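Trainee: I am new to this structure and would like to take a close look at one part of it. Please walk me through it slowly.

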Amino acid sequence: MKAIAVRPGVRNSIHLEEIPKPSVDDVPDGRGVLVQVLRVGVDGTDKEINDADYGAAPPGEDFLVIGHENFGRVVEVGPNVPDTIRAGTYVVASVRRPGSTIFGQIGLQDFTTDEIYYERGINLLHGYLTEYYVEDSDFVFPLPETLREVGVLLEPTTVAEKGINHAYEIQRRLKVWQPRKALILGSGTIGLLMAMAARLRGLELTVASLPRPPYRNSDLVEQLGGTYLSTQDKSLREVNAERGPFDLIMDATGFSPIIWEAAEVLGKNGVLVLSSITGGERKVEINSDAINQSFVLGNKVMVGTVNASPADFRSGADDLIKAQAIFPGWLEQLLTTPIRGLGAYDEMIRALTEDRDAIKVFVEVDGSE
């Protein structure tokens, strides 16, 4: 069968690879789930792996099948798979796998302290940009038929879910935390999904991003009942004066200097969640005394989030179901850029590189040649 792969460490090595079709017997103890891949979302991670910025092939291989945002239909299951997963079930599989630490043993491999970790389509494990995959049922999450058109958004949704779930978990220390206002920084795919998650939790929503409205992303924020503001027109201090103080701020900009501005305007007992992975060398001058004092006296928290746990996949599925009911048609608008078939990998990379209007680029795998 066919797969989109790269040769890790070799820039622009993306190609179509022929690989064996997997079997449920490839997974021990009868827990195998064979899945026909229907759609795979792609993002900056896939582009950066093709740029040779990171990524590693599985042991004994010289290529890596990329793609970690998957959605498919179960074809066959092993004898020890739970009956919530059966032939015909729509599913999404998670990305990171347990390593050697205790966190993996308790289902929190997203908190691993291992220097080397295993992520499908990213590091040491093949990904999902292929026709079929097989996976242990422990890492497979069933979805209802109602999510057939938007289920490919579950994996990126878990980024938002983990961030907001952990903000609430951290603030259990207060015994009572009743956040009212959320500020989302960035209006790309993750920022919009963070906005959705915040709105579904009843928070007053503000999204601050660079482009000036009106445009598609700002319209999507307003469809959630939120307010969109451009950081070209207002500083975060001005945004805070107009819309704050903010109990929850979540960053998805990829622009690290803005987090220090966010730290300055975070409300008392507030949480600032960082999700951008920034590999550059930016340096900025910050009001360190003011930030330090406000965090100490205001009992504030800044926390980073990466990857996601099974609980985040489950809450993500719940939020997608709710969003379909409360904001009908909203999620479909995020799926802006379909790529038809595995053979169109050059078109996929061009879309990731050049299409600045794209929200979510995804490959329609089913039926590809």
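Trainee: Leaving aside its neighbours within four places in sequence, which residues is Gln 36 in contact with?

Mentor: This is a predicted model, in which local features need pLDDT of at least 70 and side-chain atom pairs count only at pLDDT 80 or more, while totals for chains, interfaces and linings use all residues. Residues are numbered from 1 along each chain as its sequence is written, and side-chain values use heavy atoms, with hydrogens and water left out.

Once the neighbours within four places in sequence are set aside, Gln 36 is in contact with Gly 72, Arg 73, Val 75, Glu 131, Tyr 132 and Asp 366, where contact means heavy atoms within 4.5 Å. Gln 36 belongs to strand β3, residues 32-42; helices (H or I, at least four residues) and strands (E, at least two) are DSSP runs, numbered from the N terminus. With a relative accessible area of 18%, Gln 36 is buried, because buried means under 20% relative accessible area, whereas exposed means over 50% and partly exposed lies in between (1.4 Å probe, protein chains only).

From there we can turn to the aromatic rings. The structure holds five aromatic pairs, and rings of Phe, Tyr and Trp (its six-membered ring) pair if their centres lie within 6.5 Å, with planes under 30 degrees apart counted as stacked, over 60 as edge-to-face and the rest as tilted. One of these pairs is Tyr 128 with Tyr 133, whose ring centres are 4.6 Å apart and whose planes stand at 65°, so the pair is edge-to-face. Tyr 128 is buried, with a relative accessible area of 0%, and Tyr 133, at 2% relative accessibility, counts as buried too.

The rings of Phe 141 and Phe 313, by contrast, have their planes at 10° and their centres 4.9 Å apart, so this pair is stacked. The pair links distant parts of the chain, 172 residues apart, with Phe 141 in strand β11 (residues 140-143) and Phe 313 in helix α9 (residues 310-326). Phe 141 counts as buried at 8% relative accessibility, and Phe 313 is buried with a relative accessible area of 2%.

Rings also take part in another arrangement: the charged end of Arg 96 sits over the ring of Tyr 117, 4.3 Å from its centre, and Lys 162 lies over the face of Phe 111, at 4.3 Å from the ring centre. A charge sits over a ring if NZ of Lys or CZ of Arg is within 6 Å of the ring centre and within 35 degrees of the ring normal.
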